[in-house]
Amino acid sequence: MNLNVFYGILIPFIGTSAGAACVFFMKKDLNQWVQRCLTGFAAGVMVAASVWSLLIPALEQSEEMGKLSFVPAAAGFWAGVLFLLLLDHIIPHLHQQTDKAEGPKSRLQKTTMLVLAVTLHNIPEGMAVGVVYAGYLTGNAQITLMGALALSLGIAIQNFPEGAIISMPLRSEGMGKTKAFVGGVLSGIVEPVGAVLTILAAGLIVPALPYLLSFAAGAMLYVVVEELIPEMSAGEHSNVGTIFFAVGFTLMMILDVALG
């Protein structure tokens, strides 16, 4: 693995860690208006990344299949959706703004389940970064180093508020600042791990790249629709979440087109 790829897969994790560090500088929990803005922004980035960085390259790489070129993208997309649906059912977790845990019943602490919820939706982000760098490493013409970097930067930008959104509530639940910071960091560690595993998988099965690209897209869109959109639309003034969704979408689109 060359240094460009190594740094590239670490960028999103650095974004999460920097966001988690907010717990050392902010005294109060993030208010709901701010959380709604940040959640909408994250959702916009993830939708744009799913389309420009993952689904479109998956379709382009299957062009030799003619009218059936949609098959790898559609199959991979549904595999990603069903994979996240499975994880949602087998891993106990707790979303923001609710006291009702999802997944199997467990005796885990509320703080642990909050971390698990964020970790769950970091998995597809790590896979997305990994599969794009895998495409670059295999010499795929549709995926450039700058295009892969654009995805890393986009996810790192939306990971910064995510890091804060997890560490601040942990602090308000009674955790010490250092433990809350570590909890935020740990929620993001699955991203570089997932990226490396995906790169290894794509290296072993090069023809699987279109399936893996669309798999990551399906998994990310599952997270957006199942979790982020309901959170950004909850309560009064839900239009602010929609506006920030558009901001995140536009920023990720610009990054991908300008750098890719």
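This is a predicted model: local features need pLDDT of at least 70, side-chain atom pairs count only at pLDDT 80 or more; totals for chains, interfaces and linings use all residues.
Local features require pLDDT of at least 70 and side-chain atom pairs pLDDT 80 or more, whereas totals for chains, interfaces and linings use all residues. Residues are numbered from 1 along each chain as its sequence is written, and side-chain values use heavy atoms, without hydrogens and water.

**Helix crossing.** Helices here are DSSP runs (H or I, at least four residues), numbered from the N terminus. The axes of helix 4 (residues 110-137) and helix 7 (residues 190-204) come within 7 Å and cross at roughly 40°; axes are lines fitted to C-alpha atoms over the stretch in contact, with angles from 0 to 180 degrees between N-to-C directions. Helix 4 is therefore oblique to helix 7, oblique being what remains after under 35 degrees (roughly parallel), over 145 (roughly antiparallel) and 65 to 115 (roughly perpendicular). Contact (heavy atoms within 4.5 Å) involves, among others, Gly-126 and Val-131 of helix 4 and Gly-194 and Ala-195 of helix 7.

**Nonpolar cores.** A nonpolar core joins buried Ala, Val, Leu, Ile, Met, Phe, Trp, Tyr and Cys residues through side-chain atoms within 4.5 Å; buried means under 20% relative accessible area (1.4 Å probe, protein chains only).

| Core | Size | Residues include |
|---|---|---|
| Largest | 46 residues | Leu-54, Val-131, Val-132, Leu-151, Leu-213 |
| Second, separate | 10 residues | Leu-94, Met-113, Leu-114, Ala-180 |

Beyond its neighbours within four places in sequence, Leu-54 contacts residues including Val-131, Val-132 and Leu-213.

Conventions: Helices (H or I, at least four residues) and strands (E, at least two) are DSSP runs, numbered from the N terminus. Buried means under 20% relative accessible area, exposed over 50%, partly exposed in between (1.4 Å probe, protein chains only).
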